[in-house]
Amino acid sequence: MTLFEFIGIAVVAFLLIKLLHWFYVTFLKGGISTKNFCGNDKWAVITGCTSGIGQGFAEEFASKKTNLVLVSRSQDKLDELSSMLESKYEIKTMTHQMDFLKVTEDDYAALVDAVQDLNITCLVNNVGINHPIPYNFLEHSRQEVDNLINCNLFSMTNMTRAIMPLILKNPKGLIINLSSYTGYIALPMMSTYSATKAFINNFSQGLQQEYKTKGISVMSLIPFYVVSKMSKFRKPSLTVCAARRLAKDTLKKIGNSVVINPYWVHDVIFIVTNRIIPLSMSFNMALSQMKWLQKKLLFKRNKNKTKAQ
């Protein structure tokens with residue numbers, strides 16, 4: 001056997017081992033049992049829960065007989081969701097109206113006062129916003145950028161500070177933070193949004209190390225496209241994950257990793273764009289996609305303006 005043959009066999013064996021490990025972790029390895037966090041008069045707090053990913057998590061927790069504290073901006077939508085969940089899953093719910101673009105310290109204090117007697121084991125920090133149309137950084141208004149940072153970051157850190165002491169009363173606790181695929185690879189023309197998601201990943205990893213001895217499991221989800229109002233995808237496909245599917249896959253993998261892609265197709269996309277093809281190519285692909293999206297959204301906006309006239 002020549003040296004080149006040996007190197008070739010070693011490389012193939014290494015790649016095969018990596019593939020088998022990915023297959024095991026993705027499809028076979030189970031996470032911490034949800035019985036530690038769900039059912040038996042346990043409660044989960046979910047922000048941004050009236051549609052999309054937040055509603056997917058609400059329904060998934062409800063299906064496991066977990067009572068829910070539903071936190072969102074619209075009281076009407078909260079009441080509608082609460083009624084549906086209580087009727088369909090026979091659980092208890094509490095609603096709490098909060099606008100995370102206008103929230104104050106008094107609002108967080110009122111939330112803590114309302115839930116302090118509940119057996120809270122889970123927090124899902126889902127609420128967040130995106131730029132309505134992709135632009136270069138200086139073309140986004142200061143108010144738009146400030147709103148995005150306030151909603152995506154301060155809501156998460158402040159909700160964690162408010163609810164985590166109640167979770168720590170239990171031997172096991174779960175905190176799920178919604179990051180994004182763009183938290184790993186910067187997204188041109190939506191750089192502030194992308195940066196907030198990178199913050200969420202780092203915050204989650206640090207929080208896990210700080211509180212793992214207290215029984216806390218922290219997850220930072222980095223999905224690709226998911227059916228939601230924010231993504232503007234209305235139907236699931238191979239690459240567009242249904243919100244309920246994302247929630248179900250997440251709860252199967254508690255404790256496996258902090259920063260995680262619960263849906264296997266998104267994990268494949270992540271590996272290809274971050275580990276296989278050059279990073280410069282990934283950036284160029286992302287920039288081209290954002291330019292195309294900008295043209296599409298501007299055309300739609302102008303068309304709507306013309307109709308209104």
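**Pockets, sheet and salt bridges of the predicted model**

Helix H1 contributes the most to the lining of the second largest pocket, supplying eight residues. The model described here is predicted. About 800 Å³ of space lies in this second largest pocket, and its lining comprises 24 residues. Those nearest the centre of the pocket are His 21, Trp 22, Asp 267, Ile 271 and Arg 275. Two or more lining residues come from each of helix H1 (3-28), strand S7 (259-260) and helix H8 (264-276). Sorted by class, the lining of the second largest pocket consists of 13 nonpolar, six polar and five charged residues.

The structure holds one cavity of 30 Å³ or more, and the largest cavity has a volume of about 50 Å³. The largest cavity is lined by Asn 125, Asn 126, Val 127, Asn 152, Ser 155, Met 156, Asn 177, Leu 178, Lys 197 and Ile 200. At least two residues of this lining are supplied by each of helix H5 (142-167), strand S5 (173-178) and helix H6 (191-211). Helix H5 gives the most to the lining of the largest cavity, with three residues. In terms of class, the lining of the largest cavity divides into four nonpolar, five polar and one charged residue.

Strand S5, which takes part in the cavity lining, also belongs to an open sheet of seven strands, arranged in the order S3-S2-S1-S4-S5-S6-S7 with parallel pairing. Strands S3 and S7 stand at the edges of the sheet; each has a single partner strand, so one side of each is left without a neighbour in the sheet.

Charged contacts were considered next. The structure holds six salt bridges. One of them pairs Lys 88 with Glu 59, with 3.8 Å between the closest N and O atoms. This pair links distant parts of the chain, since Lys 88 lies in helix H3 and Glu 59 in helix H2 (residues 52-63), 29 residues apart. Lys 88 has a relative accessibility of 54% and therefore counts as exposed, whereas Glu 59 has a relative accessibility of 15% and therefore counts as buried.

A further salt bridge forms between Lys 64 and Glu 60, whose closest N and O atoms are 4.0 Å apart. Lys 64 counts as partly exposed because its relative accessibility is 29%, while Glu 60, at 3% relative accessibility, counts as buried.

In helix H7 (residues 243-251), Asp 249 and Arg 245 lie four residues apart, about one turn of the helix. Their side chains meet in a salt bridge with an N to O distance of 2.8 Å. Asp 249 has a relative accessible area of 8% and is therefore buried; Arg 245, at 36% relative accessibility, counts as partly exposed. Elsewhere, salt bridges that share partners join Glu 59, Glu 60, Lys 64, Lys 88, Arg 244 and Lys 248 into one network.

The loop between H7 and S7 contains Ser 257. With a relative accessibility of 35%, Ser 257 counts as partly exposed. Ser 257 and Ser 220 are separated by 37 residues in sequence, and their C-alpha atoms are 8.7 Å apart in space.

Conventions. Residues numbered from 1 in each chain as written. Predicted model: local features only at pLDDT ≥ 70, side-chain atom pairs only at ≥ 80, totals over all residues. Heavy atoms only, no water. 1 Å grid on protein atoms, 1.4 Å probe; cavity = no way out; pocket = protein on both sides within 12 Å on 5 of 7 lines; lining within 4 Å. Points joined across faces, edges and corners; volume = space filled by probe spheres on them. Nonpolar A, V, L, I, M, F, W, Y, C, P; charged D, E, K, R; others polar. Buried < 20%, exposed > 50% of the residue type's maximum accessible area, 1.4 Å probe, protein only. Pairing = 2+ DSSP bridges.
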